[in-house]
Amino acid sequence: MTGISSTPQWNALENDAAGLAGMSLRTLFEGDPERFARYSIEAAGLFLDYAKNKLTDEVVDHLLALAAAADVEGRRAAMFAGEAINVTEGRAVLHVALRAAVTDGYKVADVDVSAVVCAELKKMQGFCRRVHQGAFKGYSGKALDTVVNIGIGGSDLGPQMATVALQPYWIDGRRTFFVSNVDGQHLADTLDAVDPEHTLFIVASKTFTTQETMTNATSARAWFLKNGGAESDIAKHFIALSTNAEAVAAFGIDRDNMFQFWDWVGGRYSLWSAIGLSIALQAGFDNFEKLLAGARRMDDHFKTAPLAQNMPVMLALVGVWNRNFIGAAAHAILPYDQHLARLPAYLQQADMESNGKRVGADGSDVAHATGPVLFGEPGTNGQHAFYQLLHQGTDIVSADFIAPAISQRELGDHHEKLLSNFLAQTEALMCGKTEAEVRDELSREGMADAEIDALSPHKVFPGDRPTNSILMERLEPETLGGLIALYEHKIFVEGVIWGINSFDQWGVELGKVLARNILPEIAAAGENKPQATAHDASTNGLINKVNAMRGKVR
C-alpha cells in the first residue's frame with residue numbers, strides 16, 4: 001500500500017508550503033477582499049471561519065485532491081453503511097445511529113440497529129420520568145435528587161462535558177457529580193457532599209470489569225451499606241450502563257435498571273447512548289433529545305455536503321495542512337464560554353486517543369506526522385497562562401476559537417468584553433506586530449533610541465499563527481450537539497487521510513497490564529514488603545521508596 005505522503009497530491013502541498021513560506025497572512029488578506037466569504041462555512045447552527053490559515057485557492061484545491069486520493073468520500077460512505085471500518089477489532093463505527101431517526105435504517109451486519117437504539121432511548125426516557133416525578137424512590141422513601149456517575153474515559157468525559165455545558169438547562173434542585181479517578185480522594189470528596197438517602201449511583205462500564213470504575217463502584221457500595229442502606233436497597237440506589245448482565249446482577253443491581261450500548265459504539269463516542277443518562281437526568285430528557293437532534297443535523301451535513309463546502313471535511317483538511325505542512329505539532333481548543341470548560345479535556349481524548357497512532361490501518365509504519373497534542377482552557381483564562389507561547393514561542397501552535405454571540409447569562413458588559421478578546425486574539429495571532437511597528441510605537445511614546453533598541457525585540461510578534469473561529473448564536477443543546485459531532489467527523493476525516501484506524505486505542509492497554517503486575521508489590525498502609533527486584537532499576541527503586549514511605553503509616 002502506497003502511503004499518502006508518497007502521493008503526487010502530498011508532494012504538491014509540500015511545494016505549496018515552500019512557496020508560501022515567505023508570504024504573510026497579512027499579505028494574503030490585503031490582496032483578497034473576498035477571503036473571509038470564500039473560506040467560511042455555515043451548517044447545523046455553527047459558523048466556521050478558517051480564513052486565518054495560510055491558505056490559497058491552490059492549496060485548498062490540492063487539499064481536496066488529497067482527500068480524493070485518500071478516498072474520504074468512500075470511507076465516509078463505509079462508516080455510514082455500518083461496515084467494519086475499525087479493522088483491528090472487526091467492528092462497525094456507527095455512533096451516528098445513536099442520534100438518527102428510527103426510519104433512517106442504519107444497519108450493522110445487515111441488522112437494522114435503529115429500532116434497538118430507539119427502544120433504549122424510550123427506556124431512558126421512562127426512567128428519567130420516574131426519577132424526575134419522584135416515583136423512583138430510595139430506601140427511605142425519599143426522592144433521588146442527586147446523581148453520582150462513576151465511569152472513566154468516554155464514560156466520564158463526554159457526559160461530564162455536556163452536563164457542565166448545559167448548566168442553564170439544569171432541573172432545579174438536582175445535582176450531578178462525576179467520579180473517574182481511581183485516586184480514592186476523588187470518590188471520598190464526592191461522598192462527603194452527598195446524602196445516601198437521596199443519591200442515585202450510575203455505574204458506567206461496558207464490561208463491568210474496568211478496574212478504576214469497579215474499584216470506585218465497590219467503594220461507593222460499601223459506603224452506602226455503612227450509611228443506612230441494606231443489601232436489598234442496592235437496587236434502589238445503583239443502576240448500570242453495561243452489557244454484562246451477570247456481573248450487574250451480582251453487584252445487586254436490578255437488571256431492569258441496566259441500560260445497554262453496543263460494540264459498534266466506541267467509548268469516546270458514547271455520550272449519545274445510555275452513557276448520556278446523567279445528562280438527561282440533570283438537564284431533562286427533552287434537552288438530551290435536542291442534543292441528539294443537533295448532532296443529527298451535523299451528520300446530515302457531513303454526509304451530503306460537497307467536500308469544499310463541508311464543515312467537518314474542511315476543518316480536517318486545514319488540520320492536516322497545519323500539522324503536516326506548516327509544522328504545528330500542537331493544537332489548542334479555546335472556548336470563550338465558561339460552560340464549555342470541559343470541552344478541551346473531552347476533545348483531548350476524542351482526538352489524541354483516536355489519531356495518536358504511528359502505525360497505519362494496514363499495519364505498516366506511517367511516514368508522516370499524525371495527531372497533534374491537544375490542550376486548552378476556557379475564555380480569558382488561557383490568555384493569562386499559555387497564550388504567551390502561542391504568540392511569541394518558538395513553535396507554531398494552531399488553535400480553534402469557539403464562542404456564542406449571545407451568552408446564556410448576560411451580565412452587564414461581561415460578554416461584550418469576552419467577545420472582544422475572542423476576536424482580538426485571532427487578529428493578533430494572525431497579524432502579529434513587526435519591528436517597524438514596535439519602534440514607531442515606542443518612538444511616539446517618547447522613548448530614546450537606545451531604549452528602543454533594547455526593548456523592541458521583546459515586543460515583536462511574528463504573527464502567521466493559524467486559527468479557526470467557530471461561532472454559534474447561543475450555546476444550546478442543539479448547537480452543542482452539532483459542535484461535538486463536528487469534531488467527531490473532523491477527527492475521522494483526518495484519520496482517513498493519515499491512513500490510520502481512528503477507532504482503536506491499544507496505547508491505553510500496556511500501562512494497565514503493567515499496573516496489574518505491580519499492584520501486588522505495593523504495600524498497604526503500615527505493611528512491610530520485601531524489596532522489589534522484578535523490574536528495571538528505576539521502577540524497582542521507586543516501588544521500594546513508595547513502600548518505605550507507606551510502611552511508616554500507623
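Reader: In the crossing where helix 14 passes helix 20, is the hand left-handed or right-handed?

Author: In this predicted model, helix 14 (residues 311-326) and helix 20 (residues 477-498) pack with their axes 8 Å apart. The hand of the crossing between helix 14 and helix 20 is right-handed.

Reader: At what angle do helix 14 and helix 20 pack, and is helix 14 oblique or parallel to helix 20?

Author: Two packed helices are described by the angle between their axes and the distance between the axes. For helix 14 and helix 20 the angle is about 50°. Angles under 35 degrees count as roughly parallel and those from 65 to 115 as roughly perpendicular. Helix 14 is therefore, relative to helix 20, oblique.

Reader: How many nonpolar, polar and charged residues has the contact of helix 14 with helix 20?

Author: On the side of helix 14, the residues that meet helix 20 include Met 311, Leu 315, Val 320 and Arg 323. Helix 20 contributes, among them, Tyr 487, Lys 490, Glu 494 and Trp 498. By class, the contact has 12 nonpolar, 3 polar and 3 charged residues.

Reader: How many residues apart in sequence are the parts that the pair of Phe 36 and Phe 47 ties together?

Author: The count of aromatic pairs comes to 25. Phe 36 and Phe 47 form a tilted pair, 5.7 Å centre to centre, with 40° between the planes. Because Phe 36 lies in helix 3 (residues 35-38) and Phe 47 in strand 2 (residues 46-49), the pair ties together parts whose separation in sequence is 11 residues.

Reader: Which class of pair do the rings of Phe 127 and Phe 136 form?

Author: Phe 127 and Phe 136 are both buried. Their ring centres are 5.1 Å apart and their planes lie at 65°. Planes over 60 degrees apart set the class, so this pair is edge-to-face.

Reader: Is Phe 208 buried or exposed?

Author: Phe 208 is found in the loop between strand 7 (199-204) and helix 9 (211-226). Ring pairs link Phe 208 into a cluster with Tyr 139, Phe 201, Trp 223, Phe 224, Phe 238 and Phe 251. Its phi is near 60°, a positive value in a residue other than glycine. Since the relative accessibility of Phe 208 is 6%, this residue counts as buried.

Reader: What is the relative accessibility of Asp 464?

Author: Most residues other than glycine have a negative phi. Asp 464, although not a glycine, has a positive phi of about 60°. Its place is in the loop between helix 19 (449-455) and strand 13. Asp 464 counts as partly exposed, with a relative accessibility of 22%.

Key: Residues are numbered from 1 along each chain as its sequence is written. This is a predicted model: local features need pLDDT of at least 70, side-chain atom pairs count only at pLDDT 80 or more; totals for chains, interfaces and linings use all residues. Side-chain values use heavy atoms; hydrogens and water are left out. Axes are lines fitted to C-alpha atoms, for helices over the stretch in contact, and angles run from 0 to 180 degrees between N-to-C directions. Helices (H or I, at least four residues) and strands (E, at least two) are DSSP runs, numbered from the N terminus. Angles under 35 degrees count as roughly parallel, over 145 as roughly antiparallel, 65 to 115 as roughly perpendicular and the rest as oblique. A crossing is left-handed if the near helix is turned anticlockwise from the far one by less than a right angle, and right-handed if clockwise. Contact means heavy atoms within 4.5 Å. Ala, Val, Leu, Ile, Met, Phe, Trp, Tyr, Cys and Pro count as nonpolar, Asp, Glu, Lys and Arg as charged, and the others, Gly among them, as polar. Rings of Phe, Tyr and Trp (its six-membered ring) pair if their centres lie within 6.5 Å; planes under 30 degrees apart count as stacked, over 60 as edge-to-face and the rest as tilted. Buried means under 20% relative accessible area, exposed over 50%, partly exposed in between (1.4 Å probe, protein chains only).
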